[in-house]
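Q: I have a structure open and have not looked at it before. Can you walk me through it?
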Amino acid sequence: MTKIFFVTSLMALSLSLTACGTVEQETFTPIVVDGRTYELRTRTIDGPNGSYQTTSAMVGRIAYLCRIDSPGDCEAAVRRGRDEVEDFR
């Protein structure tokens, strides 16, 4: 039950961030975690208080927010995402 709430919360957060502004630019960068390649999606968003960036680790079609400037955070987001996907199989 907790995992479903967590995934739902992340999806709601992602939607709310998008609803607060317009995506000006979106880039994808490969990241290798445990020998497998995933993508980091970085978005520049034009919000009501100016532009800001968000980064997400993409696991399948689900985005897991991470801090690209925090060492190991995006790798941890990929692992968290993989664990959640495996739990639903």
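A: Arg82 is a place to start: Arg82 is buried, at a relative accessible area of 15%. Buried means under 20% relative accessible area, exposed over 50%, and partly exposed in between, with a 1.4 Å probe and protein chains only.

Q: What should I know about the model before going on?
A: This is a predicted model, where local features need pLDDT of at least 70, side-chain atom pairs count only at pLDDT 80 or more, and totals for chains, interfaces and linings use all residues. Residues are numbered from 1 along each chain as its sequence is written, and side-chain values use heavy atoms, with hydrogens and water left out.

Q: Back to Arg82, then. Which side chain does Arg82 meet in a salt bridge?
A: Asp34, at 2.6 Å from N to O. A salt bridge here is a side-chain nitrogen of Lys or Arg within 4 Å of a carboxyl oxygen of Asp or Glu. Arg82 is in helix H2 and Asp34 in the loop between S1 and S2, 48 residues apart. Helices (H or I, at least four residues) and strands (E, at least two) are DSSP runs, numbered from the N terminus.

Q: What other salt bridge does Asp34 form?
A: One with Arg79, where the closest N and O atoms are 3.1 Å apart. Arg79 lies in helix H2 and Asp34 in the loop between S1 and S2, so this pair ties together parts 45 residues apart in sequence.

Q: Is Arg79 buried or partly exposed?
A: Partly exposed, with 35% relative accessibility.

Q: How many salt bridges are there by this rule?
A: Four. Among them is Arg41 with Glu26, whose closest N and O atoms are 4.0 Å apart. Arg41 sits in strand S2 and Glu26 in strand S1. Arg41 is buried at 11% relative accessible area, while Glu26 is partly exposed at 37%. Glu26, Arg41 and Arg43 are linked in a network of salt bridges.

Q: Changing topic: how do S1 and S2 run?
A: Antiparallel, joined by eleven bridges; strands count as paired if DSSP finds at least two bridges between them. They form a hairpin with two residues between them, and Asp34 in the turn has a positive phi of about 55 degrees.

Q: And which residues are in the largest nonpolar core?
A: Eleven residues, including Ile31, Leu40, Val59 and Cys74. Such a core is a set of buried Ala, Val, Leu, Ile, Met, Phe, Trp, Tyr and Cys residues joined through side-chain atoms within 4.5 Å.

Q: Which element gives the most to this core?
A: H2, with three residues.
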